[in-house]
Amino acid sequence: MGYMLNGTDFEADEEGYLTDLSVWNPDLALLIAQSEDLEMNDERWEVVNFLRSYYDEYQVAPAIRVLTKALAKTMGPDKSSNEYLYTLFPYGPAKQACKIAGLPKPTGCV
Amino acid sequence: MAEPAKSPPAPPAKSTPKKFLYVNRRAPYGTIYALESLEVVLIGAAFDQHVALAFIDDGVFQLTKGQDTKSLGVKNFSPTFRALGDYGVTKFYVEKESMQERGLTLDDLQAVTYEDENDGFKEKPSIQVVSRSEMGAIMQQQDVLLNF
């Protein structure tokens, strides 16, 4: 499968993860979120932007436990609980948010 | 006749975490071993096991700083070592003799740190340079050794 945006076809794997993370842009994120039945709001952008900067620094997407720990550090404990993240991304924050952020599927079972 | 059970069965006892040592012996690129090791480390650490890494022989090159893989056409995964502190992986044993034989010193390696939860989240170095005989002793203390 792939994503069609403004006449350009963006390649993705069978689960909808972009095959080339360098082609990502915010409009594409909106489109991917749409295909996940999610509307992007400030809270979701916070997580997506965090994932992108984490990946940029470490070349790996964080596992969910690492994500909550790191979010607690940067955004405070009320925005880091599992419940909070699952409200934003019902099919799994790491999995769904990573997809929207254009990152590869995280290693490990999350 | 046996009494009917009155209380629900006890939950299964939580298994004691094991001590895993991932032994990295090969150069970072050219074979898939180093990257595969790192992937398995990330998975194992997510399961709350005690995970430590050892770097011996050409494996010491995996931690060198300033790696540039552009012309190799593969991903430079060395920054991922710095994320391992978040996964509770805080022990990187690097063998002194292997470094010496390759003309490397601690200055040639990237800094890897972790925040010590038991010490006010102070930032501490993860890399420990150990001698060959110390490495042997470390290996003896492990439950599981995985060679890559």
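## An exposed glutamate and its network

B:Glu101 counts as exposed, because its relative accessibility is 53% (buried means under 20% relative accessible area, exposed over 50% and partly exposed in between, with a 1.4 Å probe and protein chains only). This is a predicted model, in which local features need pLDDT of at least 70, side-chain atom pairs count only at pLDDT 80 or more, and totals for chains, interfaces and linings use all residues. Residues are numbered from 1 along each chain as its sequence is written, chains are lettered from A and ligands numbered from 1 in the order in which they are written, and side-chain values use heavy atoms, leaving out hydrogens and water.

The side chain of B:Glu101 meets that of B:Arg102 in a salt bridge of 3.5 Å, N to O (a side-chain nitrogen of Lys or Arg within 4 Å of a carboxyl oxygen of Asp or Glu). B:Arg102 is partly exposed, because its relative accessibility is 25%. Another pair to look at is B:Lys124 and B:Asp116, a salt bridge whose closest N and O atoms are 2.9 Å apart. Here B:Lys124 is partly exposed at 23% relative accessibility, while B:Asp116 counts as buried at 14%. Salt bridges with shared partners also link B:Asp58, B:Glu95, B:Glu101, B:Arg102 and B:Arg132 into one network. Over all chains, the structure holds 10 salt bridges.

B:Arg132 sits in helix 3 of chain B, residues 132–140 (helices, H or I with at least four residues, and strands, E with at least two, are DSSP runs numbered from the N terminus). With 38% relative accessibility, B:Arg132 counts as partly exposed. Setting aside neighbours within four places in sequence, B:Arg132 is in contact with B:Glu95, B:Glu97, B:Ser98 and B:Glu101 (contact means heavy atoms within 4.5 Å).

The side chains of B:Arg132 and B:Glu95 are joined by a polar contact of 3.1 Å (a pair of N or O atoms within 3.5 Å; within protein, one must be able to donate a hydrogen and the other to accept it, and residues adjacent in sequence count only if both atoms are side-chain atoms). For B:Asp108, 24 residues away along the chain, the C-alpha separation from B:Arg132 is 19 Å.

B:Arg25 and B:Asp57 form a salt bridge, with 3.9 Å between the closest N and O atoms. B:Arg25 lies in the loop between strand 1 (19–24) and helix 1 (33–46) of chain B, and B:Asp57 in the loop between strand 2 (50–55) and strand 3 (92–95), so the pair ties together parts that are 32 residues apart in sequence. Both residues count as partly exposed, B:Arg25 at 32% relative accessibility and B:Asp57 at 31%.

B:Asp57 also has a positive phi, near 50°, in a residue other than glycine. In chain A, A:Asp37 has a positive phi of about 60° and is likewise not a glycine. A:Asp37 is placed in the loop between helix 1 (26–35) and helix 2 of chain A, and counts as exposed at 73% relative accessibility.

## Where the chains meet

How many residues does each chain bring to the contact? Chain A gives 16 residues and chain B gives 17. Together the two chains bury about 1400 Å², 50% of it on carbon and sulfur atoms (buried area is the accessible area, with a 1.4 Å probe, that two parts lose on being put together, summed over both). Between chain A and chain B there are 0 salt bridges, but the interface has 4 residue pairs in polar contact, both residues at pLDDT 80 or more. On the side of chain A that touches chain B, helix 2 (42–58) and helix 3 (64–75) each supply at least two residues.

## Inside the protein

The largest nonpolar core has 63 residues, and those touching the most other members are A:Ile100, B:Leu53, B:Phe81, B:Leu84, B:Val89 and B:Phe92 (a nonpolar core is a set of buried Ala, Val, Leu, Ile, Met, Phe, Trp, Tyr and Cys residues joined through side-chain atoms within 4.5 Å). Helix 2 of chain A provides the largest share of this core, 8 residues. Apart from this core lies another, of 9 residues, including B:Ala52 and B:Val130.

A:Gln96, in helix 5 (residues 93–100) of chain A, is buried at 3% relative accessibility. Not counting residues up to four places away in sequence, A:Gln96 touches A:Glu36, A:Leu38, A:Phe89, A:Pro90 and A:Tyr91.
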